[in-house]
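User: I would like to go through the terms used for this model and see on what grounds each of them is applied.

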Amino acid sequence: MRIFSGIQPTGVKHLGNYIGAIVPYIEGQERGEGIYCIVDLHATTVAYEPAALRTGSYDLAALLLAAGLDPARCILFRQSDVHEHSVLQWLLMGVSSYGELLRMTQFKDKSDKQKDFVSAGLFSYPVLMAADILAYKTDEVPVGDDQRQHVELTRNIAERFNSRFGETLVVPAGVYRTVGARIMDLQDPTSKMSTTGANPQGAIYFSDEPSAILKKFKSAVTDSGREVVRGPDKPGINNLLDILAVVRGVSVEEVEREFEGSMYGQFKQTVGEAVVDYIAPVQARYKELRADEAQLEAILAAGADKARQIAAQTVAEVQAKMGVGPVRSAS
Ligand code: AQP
């Protein structure tokens, strides 16, 4: 069982990234061969600061290690260190259609946010993501719900390649949490919690102090009702129920039972305190690990060496099937 996922080294990671992706990564390294990639090339598709991108890879490596990734049990590496990703992206562009890329909702959302320049990289981003995944003959891709469309595209690309050139690539399955696959913005609970969200008060960042976290939950948008129960017109309460259920490792129904008859204010206070306690140990370990940049670089370099061996094999197979490069022996 091979598990692969990528995460961008941009901005400070938030509770949505943690619950939707990072926690499943940790679980993945217990279940199979986990391969986790800091996708710095993806981050170059929108406006960015080069110096912040470089240090962002160390920030993210430290956070992933603090959360529980263990380099002895999984492969953790930086995308740009393994050139095979970019080579495979180009090879897969020939089996990706312009029309399907145009339909990607993330491209539409992110291109709308770019003021005066939409890069071709932003448009072809999902093919690089497909290359990231397919390079490792991945079985499972743990991601948040917002990546569903990209995983579907990856499956289509793999199937199209196999039917045109012969069975070569593994068609991966997206794996999404049943609760917590889409953590919503605390100020606008109809939008996902996001690094590039409109209001920083809507996201819980790993750099937030406990007092800031409690304040954000206190001001979380709810509704005019009074009952702490799920409902179609209660996106704020639904989100807080999901968060508390995940953080405590219980079902949403159990949380509803506990807060029967409680006021929204009391419920929000409890969710805030639970989140503070949940992320405090990760925040503390992060500070220690982030202090040793040389050690982080060594872990990423060792991970890249392992990843390259697997990806190079896939690229060689793909090139051979496509008739790209010299004739190779069958070995
Ligand atoms: N709100 C969320 N709830 C659950 N999972 C989420 N993810 C992102 N937001 C939520 C998952 O986190 C993983 C890493 O995401 P990324 O760093 O590659 O960035 P992203 O998907 O573009 O999301 P961000 O961090 O919020 O950035 P922007 O603002 O650019 O959209 C992915 O598995 C993602 O599904």
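**Strands, burial and enclosed space**

Analyst: F4 stands opposite I35 in β2, and the chain passes from β1 through helix α1 (residues 15–31) to β2 in a right-handed β-α-β crossover. This is a predicted model, in which local features need pLDDT of at least 70 and side-chain atom pairs count only at pLDDT 80 or more, while totals for chains, interfaces and linings use all residues. Residues are numbered from 1 along each chain as its sequence is written, and side-chain values use heavy atoms, with hydrogens and water left out.

User: Why is S5 called buried?

Analyst: Buried means under 20% relative accessible area, with exposed over 50% and partly exposed in between (1.4 Å probe, protein chains only). S5, which is found in strand β1, has a relative accessible area of 2% and is therefore buried. In strand β1 (residues 2–7), 5 of the 6 residues are buried, so the strand is largely enclosed by the rest of the structure.

User: How do you know that S5 has a polar contact with P142?

Analyst: A polar contact is a pair of N or O atoms within 3.5 Å; within protein, one must be able to donate a hydrogen and the other to accept it, and residues adjacent in sequence count only if both atoms are side-chain atoms. The backbone oxygen of P142 lies 2.8 Å from a polar atom of the S5 side chain.

User: What makes the space lined by M104, Q106, F107, L122, Y125, P126 and H150 a cavity?

Analyst: On a 1 Å grid over the protein atoms alone, a cavity is a set of points where a 1.4 Å probe fits but cannot get out, and lining residues have an atom within 4 Å of a point. The search of the whole structure finds 1 cavity of 30 Å³ or more, and about 40 Å³ of space lies in the largest cavity. Helix α6 (120–134) gives the most to its lining, with 3 residues.

Notes
Helix = DSSP H or I, 4+ residues; strand = E, 2+ residues; numbered from the N terminus. Pairing = 2+ DSSP bridges. Right-handed = clockwise from strand over helix to strand, strands pointing away. 1 Å grid on protein atoms, 1.4 Å probe; cavity = no way out; pocket = protein on both sides within 12 Å on 5 of 7 lines; lining within 4 Å. Points joined across faces, edges and corners; volume = space filled by probe spheres on them.
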